[in-house]
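The points are grouped by topic.

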Amino acid sequence: MTGNKHILFVDDTEHVISGIKRQLRPYRGQWHLHFATCGKQALELMQRQPIDLIVCDMMMPEMRGDELLAKVAAAYPGTVRMILSGYTDETNLRLGLEVAHQYLAKPCSAEILRETICQVFKIQACVDNPRIAAEVGEASQLPSLPKIYHQLNAAIGDERATSAQIADIFAKDMVLSAKLLHLVNSPYFGLQRTVSNLTDAINLIGLKKLNSLVLSVHVKTAFPVTDPAVERYMDYLWQDAARVAELARLIALSERQSDDRPDQAYLGGLLHNMGLLIFMSRCGDKLKILVEQAVNSDKPPAELEMSIFGFTRAEAAAYVLSLWKIPPRIIESILLQNTPSDSEYNGVNALTAVHAASCLLNPTAVPGYGRLFDMALDQTYLQRIGKLDRIGEWRTLAANVTASFAKK
């Protein structure tokens, strides 16, 4: 999927360009690599050579990275845009996220850069699938992520941001504020007092879970389900999402995943069946066919989805999430949750956690819908990454999560 792709790297610092050339020398057989030292040179090159992916620095003289990518987006909308920069303050992060599909921080290892590029190209195949756009909606027809999501991401990425400042962002949205307070005061937290202050609520829930809350609320709004026969399964769908999210986070922690990786696993788990919600919202008649065939056939749900829709629920979710510029690692955990062996990464990441959590928490039969949740552990994949012997401990974590949610 990544062969014969043309990638352009833009950086005004010669030693950075030399470093990238040296890092990616082993992958020259996979990609055609091009290099430019300024925005003007990059645009001139793109007039001569179609580029599949552009990776540029943020702070460059004459033309900043975000300005270059804005021009690329207007002239070459099919080109994937990525920023690789050492500047990560709130303002630059916000400006970069507005025009880039992905923002990576320097220094960045060759393995992470290669992994991210591979992820982006897999996801782009979903974006370019006309059957998904026809069923789910063209990019211009889909609701975009609310500004508050990007504002929160920028603030969370700024080490100087305080809980009070983030509470001010939340306070601009009454629905989200109410959801946050409802969550904190739910039995899940088991508090002995009522929390009515947004700053206190944020301190209790933790900064990293805030954008998950914003995204889940937006997903429900963007893909409403109005069919009463389908709507009654929505509570179950979100309960399953919450359980898988929590188990995915615990698996990531048990595998000593650090920084934001447990949070990536949590968000991937929360949205792992977003594609099923899209089917329920946008594909009513075909969904009924899918349910009927799932009940009367032994074929895997993904195979049935492909024959009925021309794409799977995982691909539908990846299509929407990529348009919303959700980080590729999270999208990959959803896109490849049924087929993790398709990943080219040989370590533990969000995909590992979401795949294992989805399989180990297979729900009890839901009348008419239970078979849609069927998924089997990919033992070949787990053997490849050296984690086959960890299934026993993950099963224990799954049993603990099941027991914990049964009490709520």
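At 76% relative accessibility, Arg 256 counts as exposed, because the threshold for that class is over 50%. Arg 256 sits in the loop between α13 (234-254) and α14 (261-270). Its phi is near 60°, a positive value in a residue other than glycine. The model is predicted, and the values below are computed from it.

**Positive phi in loops**

- Besides Arg 256, with its positive phi near 60°, Glu 62 has a positive phi of about 75° although it is not a glycine.
- Glu 62 is placed in the loop between β3 (53-56) and α3.
- The relative accessible area of Glu 62 is 80%, so Glu 62 is exposed.

**Helix pair α2 and α3**

- Helix α2 (residues 39-48) packs with helix α3 (residues 65-75) at an angle of about 20°, and their axes are 10 Å apart.
- That angle makes α2 roughly parallel to α3, since angles under 35 degrees fall in that class.
- The crossing of α2 past α3 is right-handed.
- On the α2 side the contact involves Gly 39, Ala 42, Leu 43 and Met 46, which meet Leu 68, Lys 71 and Val 72 in α3.
- By class, the residues of this contact of α2 with α3 are five nonpolar, one polar and one charged.

**Helix pair α5 and α19**

- The axes of helix α5 (residues 110-127) and helix α19 (residues 328-335) cross at roughly 55° and come within 9 Å.
- α5 and α19 are therefore oblique to each other.
- Their crossing, α5 with α19, is left-handed.
- From α5, the residues Glu 115, Gln 119, Val 120, Lys 122, Ile 123 and Cys 126 meet Pro 328, Arg 329, Ile 331, Glu 332 and Leu 335 in α19.
- The contact of α5 with α19 divides into six nonpolar, one polar and four charged residues.

**Helix pair α20 and α22**

- Helix α20 (residues 350-360) and helix α22 (residues 391-406) have axes 10 Å apart and pack at an angle of about 60°.
- The α20 and α22 crossing is right-handed.
- Thr 352, Ala 356 and Leu 360 of α20 make the contact with Trp 394, Arg 395 and Ala 398 of α22.
- Four nonpolar residues, one polar and one charged make up the contact of α20 with α22.

**Enclosed helix α7**

- Seven of the 10 residues of helix α7 (residues 147-156) are buried, so α7 is largely enclosed by the rest of the structure.
- The buried residues in α7 are Ile 148, Tyr 149, Leu 152, Asn 153, Ala 154, Ala 155 and Ile 156.

**Buried His 218**

- His 218 belongs to helix α11 (residues 210-222).
- With a relative accessible area of 12%, His 218 is buried, as the cut-off for buried is under 20%.
- Leaving aside neighbours within four places in sequence, His 218 is in contact with Pro 143, Ser 144, Leu 145, Pro 146 and Trp 324.

**Buried Phe 309**

- Phe 309 is in helix α17 (residues 301-309).
- Its relative accessibility is 1%, so Phe 309 counts as buried.
- Not counting residues up to four places away in sequence, Phe 309 touches Arg 131, Phe 279, Cys 283, Lys 286, Leu 287 and Leu 290.

**Cysteines**

- A search of the whole structure finds zero disulfides.
- Cys 283, which is among the residues that Phe 309 touches, is buried, with a relative accessible area of 4%.
- The cysteine sulfur closest to that of Cys 283 is in Cys 126, and at 15 Å it is too far for a bond, because a disulfide requires sulfur atoms within 2.5 Å.
- Cys 126 is also one of the α5 residues in the contact with α19.
- Cys 118 counts as buried, at 3% relative accessibility.

Note on methods. Residues are numbered from 1 along each chain as its sequence is written. This is a predicted model: local features need pLDDT of at least 70, side-chain atom pairs count only at pLDDT 80 or more; totals for chains, interfaces and linings use all residues. Side-chain values use heavy atoms; hydrogens and water are left out. Axes are lines fitted to C-alpha atoms, for helices over the stretch in contact, and angles run from 0 to 180 degrees between N-to-C directions. Helices (H or I, at least four residues) and strands (E, at least two) are DSSP runs, numbered from the N terminus. Angles under 35 degrees count as roughly parallel, over 145 as roughly antiparallel, 65 to 115 as roughly perpendicular and the rest as oblique. A crossing is left-handed if the near helix is turned anticlockwise from the far one by less than a right angle, and right-handed if clockwise. Contact means heavy atoms within 4.5 Å. Ala, Val, Leu, Ile, Met, Phe, Trp, Tyr, Cys and Pro count as nonpolar, Asp, Glu, Lys and Arg as charged, and the others, Gly among them, as polar. Buried means under 20% relative accessible area, exposed over 50%, partly exposed in between (1.4 Å probe, protein chains only).
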